[in-house]
Amino acid sequence: MTAQVQLVEPHAERVRPTLLDRLRGRDPAFAPWLFLAPFLVLFAVFGVYPIIFSLFMSLHDWDPVRGLGSARFVGLDNYWFVLSDEWFHQSLISTAWLAIASGIPQHLVAIPLACFIDSRLRRTRDLLAALYFLPYVTSTVAIAIMFTALLSRDFGMVNLLLEAVARIPLLGSLLPAGPIDWLNDPDRIRPAVSMVVFWRFVGFNTLLYLAALQGIPRELYEAARLDGASAWQRFWYVTLPMLRPVAFFAVTLSIIGGMQLFEEPFVLSGGRGGPDQAVMTTAIYLYRSAFEFSDFGAASAMSWILVLLMAVLSALVTKWLGNRGER
Amino acid sequence: MSDASQPRFDRSCKRFQGIGAVSQTRRTTLGVFTALPFAGAFHGRADASPALLDVAAYPALDQILRDTRPRWQSIAPGFDIRLVAREFGDHHSALTAAMAARKGLPDLMAVEFGFLARFAASGALADLSSLPGLEQLSAGIVPYAIAQCRLAGGLFALPVDIGPGVSFLRADLLDRARLTEQQLLSSWEGFVEAGRMLRAANGPYLLPHARDLKDAIIRSAIEPGHGLYFDAMGRPRLDSERFRLAFRLARAVRVNDLDARVSAWSNDWAEGLRRGRIATLLMGAWFGGHLANWLAPATAGRWRTGELPGGARASWGGSFYAISANSPRREQAWAMLKLLAGDPSLQLDAFRRHDAFPALRTAHQDPFFDEALPFFGGQQARRLWRDMALAIPPVAVHRLDPLADEIVNAELDRVLLRGKDPERAIEDAARVLERRAQRLRT
């Protein structure tokens, strides 16, 4: 072990920097805070403040148009009301239905698609990735309006296509006799919205998995091949385990996104949540409670219950996917 | 029109709307929260411009305001308008955010009928009762519309356009089914019965949606002093005959396949009107202009307009203007409001250009109302609508009307889609509304 030599200037006096010095960046200890300040200020205003305020509102009865002074402390009343509210239960069911129906297929399609692009379409990989990513960066409202036209019962392209398919012998018997009322039938609007959400996010997940695939060492595949592993075995025993960290991340994002689903069902249902509230997700109900029904207290309580649910689901996913790699 | 002739149209101005109210999304919720600390700052900036009157409006009132500018400048020279125009939903969300912050409301703001009671109860709107010239001005306005502005002993807004409920009928489709207008409009039951005859042999649908019939029926025959869903004392009242009739007939319409099952303003709805798949519409009179000008101009001459079935009198919406209680420019705001609500030529102009049916009775005396309309087969439709508007009884508005509307529609959906018994659906709606109203009664 080598001895450490400390150099000390015997007559150096420690001068405490003034605030002006700190602001001019002359105090090295203060400089990082200065660099971080823009983010911290914005985060405090747009991140921390709304969270604290919504927690405050969830414990109050408040009609916003009457001003903050009219807020009345009601304790946990808003939470009890929301937990016993039939519409909230219905909204949770709708949210879960849409999240599962749109979320699971995203990953079931994205993983094989990413593997196929990675192994077979290396030259056009970047172009294909960009194309699949396009729906994700397109305006949700534009997408929803486009699908509203496509899914129109009497004049939509989807029904016209189904009508043409129905004319093919044998296939016709598998399809409904008349046009499908995608957006006005409570049993059809959920699959319709799920399809739009799936279409929008499958490219995003594909890109995530594609990036992860490129990080898997090729030697692993070569070794597996030398050991006589088939393509399926290489996928099952090499690719999938190596994708687990990204799958954990992507599934967590899907759960959070699914629980917060708003834009697609909102626009496709004309802002009302659809026939028989079939696609009134919790996020839509929360928004309507606050801005249409003047009940900010219940809306805030709903948002916190939703946060709790997301935390529980994310914890379950962590337990299921996140820890497996550590064994 | 040159830029100089336009009021300053400040789309980026967040003075009264907060950060999050840019679109009708979750961000709006965040907007309310974030507006609170910032609204004061925006307000302070606006106060530094005393020669500007802040006016907020939604389409097409924003365009009418632009058209009003030359007239306004002759009344208040050197006092310009700063127009903040937003889409309908964003506009009202932004006003909500500003009221929550108690700062940053525009001096003068457009308020749609559905938001009137809620905003009036906020305390953020000025009581116009004692303003000079109000008595004379309100005497000239259609009685039911001015009555809607009176809440809790005050007068919090003035109407600029109204929506007397009327029926629109496809005469050619009725002829084909050998039906007369009289058969269709004699009563609500007769209306549905005529619909059966129309649909026989795969004819057109009677209505776009069974919900439209419910909406028309519950808007008619309202007890004096009562509102659509609440009585004069503000208690929920869904146990009346009009709700029972509305639910019963809406179900009859659905069971007999008389409605096209399309919601208003959807693609299928618009195409249905254009292609003669829908035979009638029950709507505000303002819709006649939309039908003729852009929705179905090719169907000119085939439409007729008349009263609602059974001679019912009902109102469909309307636009109002209110002044902020804290406006530092209240005098100018009142001058502007008097111009918008009290100038017949301005309202006529808005009717001609934007289909905004005038709330001012003096505007109704113009020869424009006597013109025969080729779109309606030469009918003097405007005159008919005017006479109907004058006969509409006042209906009280309640701040929880939007909630009640959703509760009733949700139960009606269960009747139409799940076969729920109408009586039970009304009972359930009443129970849910009572519970909610109890909770929100502060």
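**A walk through the model**

Modeller: We can begin with Asp85(A), which lies in the loop between α3 (77-83) and α4 (86-120) of chain A; helices (H or I, at least four residues) and strands (E, at least two) are DSSP runs, numbered from the N terminus. Please keep in mind that this is a predicted model, in which local features need pLDDT of at least 70 and side-chain atom pairs count only at pLDDT 80 or more, while totals for chains, interfaces and linings use all residues. Residues are numbered from 1 along each chain as its sequence is written, chains are lettered from A and ligands numbered from 1 in the order in which they are written, and side-chain values use heavy atoms, with hydrogens and water left out.

Colleague: Why does Asp85(A) count as buried?

Modeller: Asp85(A) counts as buried because its relative accessibility is 3%, and buried means under 20% relative accessible area, with exposed over 50% and partly exposed in between (1.4 Å probe, protein chains only).

Colleague: And what does Asp85(A) touch?

Modeller: Leaving out residues up to four places away in sequence, Asp85(A) touches Tyr285(A), Arg435(B) and Arg436(B), where contact means heavy atoms within 4.5 Å.

Colleague: How many residues does each chain bring to the contact between chain B and chain A?

Modeller: Chain A brings 53 residues and chain B brings 50 residues. The size of an interface is often given as the accessible area lost when the parts come together. Here chain B and chain A bury about 4700 Å² between them, with 52% of it on carbon and sulfur atoms; buried area is the accessible area (1.4 Å probe) that two parts lose on being put together, summed over both.

Colleague: How many salt bridges are there across that interface?

Modeller: The rule finds 12 salt bridges across the interface of chain B and chain A, a salt bridge being a side-chain nitrogen of Lys or Arg within 4 Å of a carboxyl oxygen of Asp or Glu. One of the salt bridges joins Asp63(A) and Arg399(B), at 3.1 Å from N to O.

Colleague: Which helices of chain B supply residues to that side?

Modeller: At least two residues each come from α1 (26-47), α3 (88-101), α4 (113-120), α12 (267-274), α17 (401-418) and α18 (422-440) of chain B. The helix that gives the most to the side of chain B that touches chain A is α17(B), with 11 residues. By residue class, the side of chain B that touches chain A divides into 20 nonpolar, 12 polar and 18 charged residues; Ala, Val, Leu, Ile, Met, Phe, Trp, Tyr, Cys and Pro count as nonpolar, Asp, Glu, Lys and Arg as charged, and the others, Gly among them, as polar.

Colleague: Back to Asp63(A): how far apart are the closest N and O atoms in its salt bridge with Arg118(B)?

Modeller: In the salt bridge of Arg118(B) with Asp63(A), the closest N and O atoms are 3.9 Å apart. This pair crosses between chains, from Arg118(B) in helix α4 of chain B to Asp63(A) in the loop between β1 (60-61) and β2 (72-73) of chain A, and both Arg118(B) and Asp63(A) are buried.

Colleague: What about Glu411(B) and Lys420(B)?

Modeller: The side chains of Glu411(B) and Lys420(B) meet in a salt bridge of 2.7 Å, N to O, and both residues are buried. Salt bridges that share partners join them into one network, whose members include Glu86(A), Asp187(A), Arg414(B) and Asp428(B).

Colleague: New topic: how many helices and strands does chain B have?

Modeller: Chain B has 18 helices and 10 strands, and buried residues make up 61% of its 442 residues.

Colleague: How many residues of strand β7 in chain B are buried?

Modeller: In strand β7 (residues 158-170) of chain B, 13 of its 13 residues are buried.

Colleague: Which strands does it pair with?

Modeller: Two strands pair if DSSP finds at least two bridges between them. Five bridges join β7(B) to the antiparallel strand β10 (residues 315-323) of chain B, with Asp161(B) opposite Ser319(B). β7(B) also pairs in the antiparallel sense with strand β8 (residues 280-284) of chain B over five bridges, where Val166(B) stands opposite Met283(B), and with strand β9 (residues 303-306) of chain B over four bridges, again antiparallel.
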